[in-house]
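Here's a quick tour of the cavities and packing in one protein model. Have a look at the structure first.

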Amino acid sequence: MHKYAREAYKAGIRFIGGCCGFEPYHIRALAQELAPERGIIPGILERLNAGEVVIGDGGFVFALEKRGYVKAGPWTPEASVQYPDAVRQLHREFLRAGSNVMQTFTFYASDDKLENRGNNLKLTGAQINEAACDLAREVANEGDALVAGGVSQTPSYLSCKSKADVKAIFRKQLDVFIKKNVDFLIAEYFEHVEEAVWAVEVMKETGKPVATSLCIGPKGDMHGVSPGECAVRLVKAGAQIVGVNCHFDPMTCVETVKQMKEGVEKAGLKAHYMVQPLAYHTPDCNCQGFIDLPEFPFGLEPRILTRWDMHKYAREAYNAGIRFIGGCCGFEAYHIRAIAEELAPERGFLPSASEKHGSWGAGLEMHTKPWVRARARRDYWENLKPASGRPQCPSMSVPDSWGVTKGHADLMQQKEATSKEELEQLFDKSKTH
């Protein structure tokens with residue numbers, strides 16, 4: 001339908017519609033293709049209100065760390081300034097794979113995080129955020145995508161700074177997003193619903209649509225607030241889209257959002273729902289998720305989900321009533337493509353990247369080896385149980401369970417780099433857990 005709309009427009013036709021067999025999603029595809037000419041680009045709420053599936057992007061900090069542009073540990077996004085071509089290219093890969101949202105690469109870009117533990121970058125959050133907004137907008141304009149400005153949890157909250165202090169940090173970041181006129185705002189990666197509520201309250205001041213995703217599982221936030229209660233608090237604070245991101249695998253995250261949805265509906269409230277999980281299997285995680293796994297962050301590859309796992313995740317999320325479906329750490333473009341391909345019937349089209357990918361391995365029909373050609377079928381990949389290829393490795397890990405959260409001395413913000421003595425104390429402590 002996108003091709004039809006463009007061809008008709010080029011031919012000088014200005015009354016473009018359909019007849020027998022046309023469904024609303026076909027007409028939506030026409031409208032999306034010709035949105036630049038019509039001057040009408042639907043926002044995030046308009047799309048969700050119309051029942052559209054919005055596909056998010058993937059995990060920039062992990063993807064760019066693997067490519068050599070982000071430092072593990074601080075996980076800060078200075079690459080938006082230092083290596084813009086790398087960030088731009090990753091946006092393009094997700095766009096081609098089917099993403100509708102280009103989220104600014106502004107994770108952990110608050111000034112208190114940029115200077116935490118000796119992370120002296122000589123860059124301000126404002127400089128990083130401005131560059132990130134420009135890159136996201138440039139790529140979004142190449143397709144049918146929206147730009148989302150994102151803020152995340154702060155070291156100041158964990159260090160028990162006041163509500164006013166934490167809100168001031170969010171407000172400073174949001175000033176850039178308003179200046180750059182992002183399409184909507186996301187408060188993501190919050191372990192404590194209290195801090196997320198503070199972020200939402202500041203975001204509502206802007207008049208932009210607000211989405212909020214907590215990095216929690218079915219057990220709730222780090223203070224034991226249930227997913228349902230978390231969602232209710234966020235909706236009451238003004239969030240129009242609520243959900244979870246990071247920390248847990250897709251099916252765990254979908255289950256958590258189901259609980260949020262139940263809580264919101266039981267409270268007589270309304271919201272849209274989003275999920276952007278890890279691309280790693282995490283059946284052995286506790287309340288704090290994958291950061292407690294011994295493999296975090298450099299040994300997680302054996303846990304990576306296949307593209308076929310992503311098909312199952314996309315269908316499960318859709319059946320749960322979630323319409324903003326994306327990914328976080330570990331997600332690469334091919335994972336997003338799998339989501340877009342699974343939900344192509346609902347969306348009405350395939351992503352551009354599917355030009356190089358046959359449905360359910362169909363491209364293998366062209367392989368030179370007959371036993372590989374025999375794998376060109378859905379039932380093969382849908383029922384495959386991949387081997388790890390790692391002799392003597394356990395299938396599960398024992399997570400670290402230090403039990404520390406907001407206010408604990410180990411989490412206090414400090415501008416000075418972690419000293420050798422402090423590290424030795426942590427090494428000793430880790431032996432007892």
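What follows covers the cavities and then the nonpolar cores.

This is a predicted model, where local features need pLDDT of at least 70, side-chain atom pairs count only at pLDDT 80 or more, and totals for chains, interfaces and linings use all residues. Residues are numbered from 1 along each chain as its sequence is written, and side-chain values use heavy atoms, leaving out hydrogens and water.

The structure holds three cavities of 30 Å³ or more (a cavity being a set of points on a 1 Å grid over the protein atoms alone where a 1.4 Å probe fits but cannot get out, with lining residues having an atom within 4 Å of a point). Here are two of them, by volume and lining class.

| Cavity | Volume | Lining |
|---|---|---|
| Largest | about 200 Å³ | eight nonpolar, eight polar, two charged residues |

Gly 58, Gly 59, Phe 60, Gln 103 and Glu 188 are the closest to the centre of the largest cavity, out of 18 lining residues. The lining of the second largest cavity includes Arg 28, Arg 47, Glu 52, Asp 144 and Arg 347.

Now the packing. The largest nonpolar core has 95 residues, and among those touching the most other members are Leu 214, Phe 290 and Ile 322 (a core joins buried Ala, Val, Leu, Ile, Met, Phe, Trp, Tyr and Cys residues through side-chain atoms within 4.5 Å; buried means under 20% relative accessible area with a 1.4 Å probe, protein chains only). Another core, of 13 residues, lies apart from it and includes Ile 44 and Val 54.

Key
Buried < 20%, exposed > 50% of the residue type's maximum accessible area, 1.4 Å probe, protein only. 1 Å grid on protein atoms, 1.4 Å probe; cavity = no way out; pocket = protein on both sides within 12 Å on 5 of 7 lines; lining within 4 Å. Points joined across faces, edges and corners; volume = space filled by probe spheres on them. Nonpolar A, V, L, I, M, F, W, Y, C, P; charged D, E, K, R; others polar.
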